[in-house]
Amino acid sequence: MSEVNKKKILDDYNEDSIQVLEGLEGVRVRPAMYIGTTASPGLHHLVWEIIDNSVDEALNGYGNKISVVIHKDGSITVSDEGRGIPCGIHKKEKIPTIQLLLTTLHSGGKFNANAYTASGGLHGVGSSVTNALSEFFDAVVCRDGKIYHIRFEDGGRKLVQPLEIIGNTTKHGTTITFKPDKRIFQTIDFKYDVIKNHMQESAFLLQNVHFCLKDERINNEVIDFYYKDGLSEYIRIINQNKKAISEPVYFEDVSNLIKIKIALQYCSDDYNETILSYVNNVRTKEGGTHESGFKIALTKAINEYAEENKLLKYKQRFESSDVREGLTVIISLNIPATIIQFEGQTKTKLGTSEALNAVSNFFYDKFSHYLNENKQFAIDVIGKCLQSQNERIQARKAKEEVRTNKKTRNELPMSNKLCQAQSKNYKLNELFIVEGDSAGGSAKTARDHMYQAILPLRGKPLNVDSISTERMLKNEEFSTLIATIGAGFGANFDISNCKYGKIIIMTDADTDGAHIQTLLLTFFYHYMRPLINEGMIYVAVSPLYRVFKGDTKNPTKEVYCWNNDELEKGKKEVGPGYHIQRYKGLGEMDPIQLRNTTMKKDTRQLIRVTIDDPLLVEQRIRILMGNDSNERRKWVEENIDFNEVDNFKDEVR
């Protein structure tokens, strides 16, 4: 930066540069600070904030029904049978308490242990943030024999209906209706399946509460989620297509004022571990102290049982990964408001130090006793752990043989079509899995030779969900992919041996391309799931259109567009006399176009593949990739709009 520019910046930074954002304006300016993103996950986070408030009421014993209605106009209603938001005048602020709660950050009953003994809400910003990011926000409260009503618009900046009493009632509870602001979010289309699975998940965790959902955009049918067996039933559904060693094992108790519920099940045909943890019914996706406590206790209990019953050789012990292979476990804690600590507003990681020892001591005692009282279960679990340990040791030996240049048996062949990256810094390297030789040729020319490798697929991969491992290995696409990534597969998969920091699926923007993506993702899910868990699998997003002026190979101006909205903007940007090229395959792009739009790091768009909802993933794979054609057809008919077709024709204006 030049000295002239530095001086200008210093001159421009003065008292007038300091802004004070009143009320909820700061939320609208920086929404991602409060909801993570303005894409679909952030949109649905608004719903979770309101549902969580209703769940907090149920957690504390007030109400046993929570209802959600998705309306045709894009708004959504959440109702509960709790105590109802207080509506009297706040002594300090001199305004109705409900108005204070809905317009002021860090206000609420969650800070007061007398109001909530357990709560997923900690920061007191949920309802007010939802109000700040909504076109309108309407609240109806039943309490103290009265029905109260208040309404805000324009992100809470306009109080269009001050608090009023609209009737009398003997009921109690709160009903919130809001419509997300399209000026804030990339999409305001609520996804039925996402909300349905969130409510089903909540019903598993709150055994005595009904969670009811209706989507008026589809029909007026109401789905009622209610589970007597709670976490055990949750695990049964997740593992319904696997070979379980036993029925789910369930423990529940209170330790150091923390209510703990843990259910677990081992499956003999599963290489992966699934740990789902919750605190006050809020999913802690990044884990935290409660998960750490569980892992410590599990490893200790199994090792001690195996040693005491002489099931291990002298000085032989299981590592933590050995005892968690094939394990599905759900951990649910209710923690008092006085000690609960989350890391970040989105509450994805528990930081409460007391939870580590509470969970560790609780689970160690319960599980140790269960192992001693159920010897066949214990023997089956130890057998599973021994198998896992043996496979880990064999994989380590194989790695050592490769390191010392010894030839290994059954070595999978490397593809002669693989175009390798030059760098040996594997974390920076990227593997592009490309559909067909035509796109592969363009990609090889377009790539960054230092860090990007290209693996063209010879044909369409198999559906690994319905074939054996032996048949999978005979498939040339998968065998070469395993060899290329270099980290093994299944129980032998070791992510530390992966030769690429990013694995990018790059297929055509058509039905065949989408099918290949699905087949590859199913493979990674079953045989290399740690790559997904660590955020290393991506899908490349190629443009759908090029708007240009002049000659097609030497345009005077051009703009690439990834969707129809961008296409309309591109037409205006290029101006009169534009041409539109519709891309239906990567092979239609020349290498320069492919590099600039889809492969170059500072201009491309990638979708990171994650598992946000394990239950939803299991259900989708079972239905869409399984052998039950009737179930698959039923899902397609209910979820796919066949009226949406691509009628694009070349256009010149």
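In strand β13, Leu333 is the bridge partner of Val279. The structure is a predicted model, in which local features need pLDDT of at least 70, side-chain atom pairs count only at pLDDT 80 or more, and totals for chains, interfaces and linings use all residues. Residues are numbered from 1 along each chain as its sequence is written, and side-chain values use heavy atoms, with hydrogens and water left out. The secondary structure of the protein comes to 21 helices and 21 strands, where helices (H or I, at least four residues) and strands (E, at least two) are DSSP runs numbered from the N terminus. Buried residues (under 20% relative accessible area; exposed is over 50%, partly exposed in between, with a 1.4 Å probe and protein chains only) make up 50% of the 653 residues.

**Strand β11 and its partners**

- Six bridges join β11 to strand β13 (residues 327-334), and the two run parallel; strands count as paired if DSSP finds at least two bridges between them.
- β11 also pairs with strand β12 (residues 282-283), in the antiparallel sense and over two bridges.
- Val279 stands opposite Val282 in β12.
- β11 and β12 form a hairpin with two residues between them, and Asn280 in the turn has a positive phi of about 50°.
- In a regular strand the side chains alternate between the two faces of the sheet.
- Thr274, Leu276 and Tyr278 point one way from β11, while Ile275, Ser277 and Val279 point the other way, and all are buried.
- Six of the six residues of β11 (residues 274-279) are buried, so the strand is largely enclosed by the rest of the structure.

**The five-stranded sheet**

- An open sheet of five strands has the order β15-β14-β16-β17-β21, with mixed pairing.
- β15 (452-457) and β21 (606-608) stand at the edges with a single partner strand each, so one side of each is left without a neighbour in the sheet.
- On average, neighbouring strands of this sheet are turned by 25° against each other, direction ignored.
- β17 (residues 537-540) and β21 run antiparallel and are joined by three bridges.
- Arg608 in β21 is the bridge partner of Tyr538.

- Contact here means heavy atoms within 4.5 Å; axes are lines fitted to C-alpha atoms, for helices over the stretch in contact, and angles run from 0 to 180 degrees between N-to-C directions.
- α13 and helix α19 (residues 591-599) pack at an angle of about 80°, with their axes 8 Å apart.
- That makes α13 roughly perpendicular to α19, a label that covers 65 to 115 degrees.
- Ala439, Ser442, Ala443, Thr445 and Ala446 in α13 meet Pro591, Leu594, Arg595 and Met599 in α19.

- Helix α4 (residues 40-59) has 20 residues and reaches 28 Å from its first C-alpha to its last, close to the 28 Å expected at 1.5 Å a residue; the expected span is 1.5 Å times one less than the number of residues.
- Of the 20 residues in α4, 17 are buried, and the helix is mostly covered.
- Gly61, whose phi is positive and near 90°, follows α4.
- Gly383 lies in helix α12 (residues 375-403) and is partly exposed, with a relative accessible area of 34%.
- The C-alpha atoms of Gly383 and Leu311 are separated by 9.1 Å, and the two residues are 72 residues apart along the chain.

Notes
Parallel < 35°, antiparallel > 145°, perpendicular 65-115°, else oblique.
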